[in-house]
Amino acid sequence: MHGSDAALLSRLVRWRRPVGVALAALTVVYAWAVGSAPIDSVQGVIQKILYVHPPLAYGAYLGFVLTAFGGALYLWRGREAWDALAVAGAEVGVVFCTLMMVTGPIWAKGTWGHWWSWDPRLTLTLLLWFVYASYLLLRGFTEGVARTARFAAIYGILGTLLIPLNYFVIELFQGRAVHPDNLQRGSLGSGMGWPFLLGNLTLFAAFVYCVLLRWEVEMRRTRIALRADALAAEPSR
Amino acid sequence: MSYAIAAYGITGLTLGIYLFLLHRERKRLAAADR
């Protein structure tokens with residue numbers, strides 16, 4: 001393991017605390033903002049899912065980009081800490097993506113009348129979820145820390161090709177998609193901007209907190225595994 | 001109303017449980033890593 005990993009570990013612990021405090025404070029303000037946000041005249045209270053569903057999607061995208069970033073740095077530098085960052089990004093991304101795919105159908109049931117539609121955005125989101133859930137599963141099936149990390153890095157980088165496709169697919173299918181258009185400046189009603197911003201800030205803080213914690217967990221797991229391998233390789237006296 | 005409560009409830013509960021499990025695992029590994 002790299003010599004400066006102990007320093008990185010202590011930095012992760014140091015960064016996590018202020019993020020945790022910010023997350024707790026933001027959660028309180030966010031809850032108040034969602035509660036007091038105006039009720040949509042067409043959809044009613046269910047429209048308030050807007051303040052959680054897209055921020056979860058951005059968190060999922062960010063997690064998968066982090067996986068590619070960590071994987072690319074691992075291939076370049078060969079340092080286990082970057083592979084650990086890739087794992088953290090994938091797992092937190094899958095958690096956010098799962099929640100996005102739970103809150104979306106709840107909103108759909110209340111507005112469209114059915115839980116799911118094989119719309120291009122929904123189908124590609126499901127595919128994105130499968131790609132990164134498989135990333136986590138496949139890591140468990142390959143043997144050896146370095147071999148697994150190299151394979152996962154390439155897979156994680158290729159997976160991100162789906163992200164721009166997932167984001168722009170509604171525009172590509174012009175009018176044939178059931179999912180509403182991506183949010184643009186001015187597309188939110190009066191009084192809905194602040195709760196939406198707070199939703200994004202709170203879920204971003206939750207994302208960063210989860211990644212810092214998961215990154216530390218993975219780094220410690222790798223450290224313990226490498227130490228056990230080194231002990232097993234030592235000739236018995 | 002109940003749809004919105006379900007969406008926020010599931011999100012909050014899931015993230016809460018995930019963070020709890022991560023904290024527990026971190027504590028266990030930190031003790032083993034000493």
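Model. I am working from a predicted model, where local features need pLDDT of at least 70, side-chain atom pairs count only at pLDDT 80 or more, and totals for chains, interfaces and linings use all residues. Residues are numbered from 1 along each chain as its sequence is written, and chains are lettered from A in the order in which they are written.

Chain A. I found seven helices and zero strands, taking helices as DSSP runs of H or I with at least four residues and strands as runs of E with at least two. The C-alpha atoms fill a box of roughly 80 × 40 × 25 Å along the principal axes.

Within chain A. I looked up α2 (residues 53-77) and α7 (residues 193-233), whose axes come within 9 Å and cross at roughly 35°. Axes here are lines fitted to C-alpha atoms over the stretch in contact, with angles from 0 to 180 degrees between N-to-C directions. On the α2(A) side I noted P55(A), L56(A), Y58(A), G59(A), L62(A) and L66(A), which meet G199(A), N200(A), L203(A), F207(A) and V211(A) of α7(A). Contact means C-beta atoms, placed from the backbone, within 7 Å.

Between chains. I then checked α3 of chain A (residues 80-111) against α1 of chain B (residues 2-32): the angle is about 170° and the axes are 9 Å apart. That angle makes α3(A) roughly antiparallel to α1(B) (over 145 degrees; under 35 is roughly parallel, 65 to 115 roughly perpendicular, the rest oblique). The contact residues include V95(A), L99(A) and W107(A) of α3(A), and Y3(B), I10(B) and Y18(B) of α1(B).

Conventions:
Contact = placed C-beta atoms within 7 Å.
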